[in-house]
Amino acid sequence: MRIILLGPAGSGKGTQGELIERHYGFPRISTGDLLRLEVQKGSELGKMVAEVMKSGRLVADELVTRVVRDRINAPDCRAGYVLDGYPRTLNQALLLEKIEGDRPETVLEIQISEEAVMERLAGRRVCPGCAAVYNINNDKVITDGRCPACGAGLVARNDDRPEVIRERFRIYRETIGPLLEHYSRKQVLFQVDGRRAVEEVFGSIRLILDNRIARSQGESRRP
Ligand code: AMP
């Protein structure tokens, strides 16, 4: 099963992707994380995408698709995987289908308003040591600006500034329509209300995925 998480930055895709990985065993693949790693390493690709990422705009479809293709060809993705942050454009969805068109898929759109996103991302902090993500407004464990897991000083992502968040939301709205239409036509699109508590959102996702996985297993057993 290929699980695709759609939703603007701040909708909770990363958190829900991790919960799906833990519960179902499908690895979570975040293109944002993979690209940030390239920037950190200072690789050729990292140098090409650093400025674009900082501005909140999208990296070229071909570049990001290459990263995804390399990752989903790894052995741990054989039974399935969760894509967080890819595809982001209709063209990326079509490129993905060229790589692995016949894999059963479920697309989850996490819905949330721009104001709720602004509030969430303004409080988001990441740990440069172990990559854990926190929110200073909700996580009571953050008392001194340090990571409770590894002790490193927490930082804001450089694309979590208010003007960049607005730009990322604008781009999301601009590009998501054709993608939703595409998956709706394929009858693989499911919508989830992202304003609720993490466990409640995951409860809705589980209902959908349990059903979809059972169905796809039933279909593959048919002669
Ligand atoms: P994210 O962590 O998913 O919010 O992604 C951070 C940034 O990485 C985005 O603002 C884009 O610049 C870039 N990026 C991540 N995934 C994609 C994608 N599928 N297509 C284009 N750019 C992407």
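Predicted model: local features only at pLDDT ≥ 70, side-chain atom pairs only at ≥ 80, totals over all residues.

Student: OK. Which residues does UniProt list for "binding site"?
Tutor: The unreviewed UniProt entry lists Cys127, Cys130, Cys147 and Cys150 under that name.

Student: What is the largest C-alpha distance among them?
Tutor: It is 8.6 Å. They are spread over 24 residues of sequence, yet they cluster in space.

Student: Take Cys127. Buried or exposed?
Tutor: Cys127 has a relative accessible area of 4%. The cut-off for buried is under 20%, so Cys127 counts as buried.

Student: And where is Cys127 found?
Tutor: In the loop between β5, residues 124-126, and β6, residues 133-135.

Student: What is Cys127 in contact with?
Tutor: Leave aside its neighbours within four places in sequence. Then Cys127 is in contact with Ala132, Cys147, Cys150, Ala152 and Leu154. Two of those names, Cys147 and Cys150, are also on the UniProt list.

Student: Now Cys130. Where is that found?
Tutor: Cys130 is also in the loop between β5 and β6.

Student: How accessible is Cys130?
Tutor: Its relative accessible area is 38%, so Cys130 is partly exposed.

Student: What does Cys130 touch?
Tutor: Not counting residues up to four places away in sequence, Cys130 touches Cys147, Ala149 and Cys150.

Student: What domain does UniProt list for this stretch?
Tutor: The unreviewed entry gives residues 124-159 as "domain: Adenylate kinase active site lid".

Student: How much helix and strand is in residues 124-159?
Tutor: That part of the chain is 0% helix and 17% strand. Its end C-alpha atoms are 11 Å apart.

Student: What about Asn135, buried or exposed?
Tutor: Asn135 has 11% relative accessibility, so it counts as buried. Asn135 is found in strand β6. Beyond residues up to four places away in sequence, Asn135 touches Arg120, Gly123 and Arg124.

Student: New topic. How many aromatic pairs are there?
Tutor: A search of the whole structure finds one. The pair is Tyr24 and Phe26.

Student: Why is the pair stacked?
Tutor: The ring centres of Tyr24 and Phe26 are 6.3 Å apart and the planes are at 5°. Planes under 30 degrees apart count as stacked, so this pair is stacked. Both Tyr24 and Phe26 are buried.

Student: Pockets next. What volume does the second largest pocket have?
Tutor: About 200 Å³.

Student: Which helix gives the largest share of its lining?
Tutor: Helix α8, residues 198-221, with four residues. The lining of the second largest pocket includes Arg212, Arg215, Ser216 and Glu219, as well as Met1 and Gly101.

Student: How do the lining residues divide?
Tutor: For the second largest pocket, three are nonpolar, three are polar and six are charged.

Student: Last one: where does Val201 lie?
Tutor: Val201 lies in helix α8. At 3% relative accessibility, Val201 counts as buried.

Student: What does Val201 touch?
Tutor: Gln16, Val192, Asp193, Gly194 and Arg196, not counting residues up to four places away in sequence. Val201 and Ile110 are 91 residues apart along the chain, and their C-alpha atoms are separated by 8.7 Å.

Methods. Residues numbered from 1 in each chain as written. Heavy atoms only, no water. Phe/Tyr/Trp six-rings, centres within 6.5 Å; stacked < 30°, edge-to-face > 60°. Buried < 20%, exposed > 50% of the residue type's maximum accessible area, 1.4 Å probe, protein only. UniProt positions renumbered as here; feature names shortened; annotations may be inferred. Helix = DSSP H or I, 4+ residues; strand = E, 2+ residues; numbered from the N terminus. Contact = heavy atoms within 4.5 Å. 1 Å grid on protein atoms, 1.4 Å probe; cavity = no way out; pocket = protein on both sides within 12 Å on 5 of 7 lines; lining within 4 Å. Points joined across faces, edges and corners; volume = space filled by probe spheres on them. Nonpolar A, V, L, I, M, F, W, Y, C, P; charged D, E, K, R; others polar.
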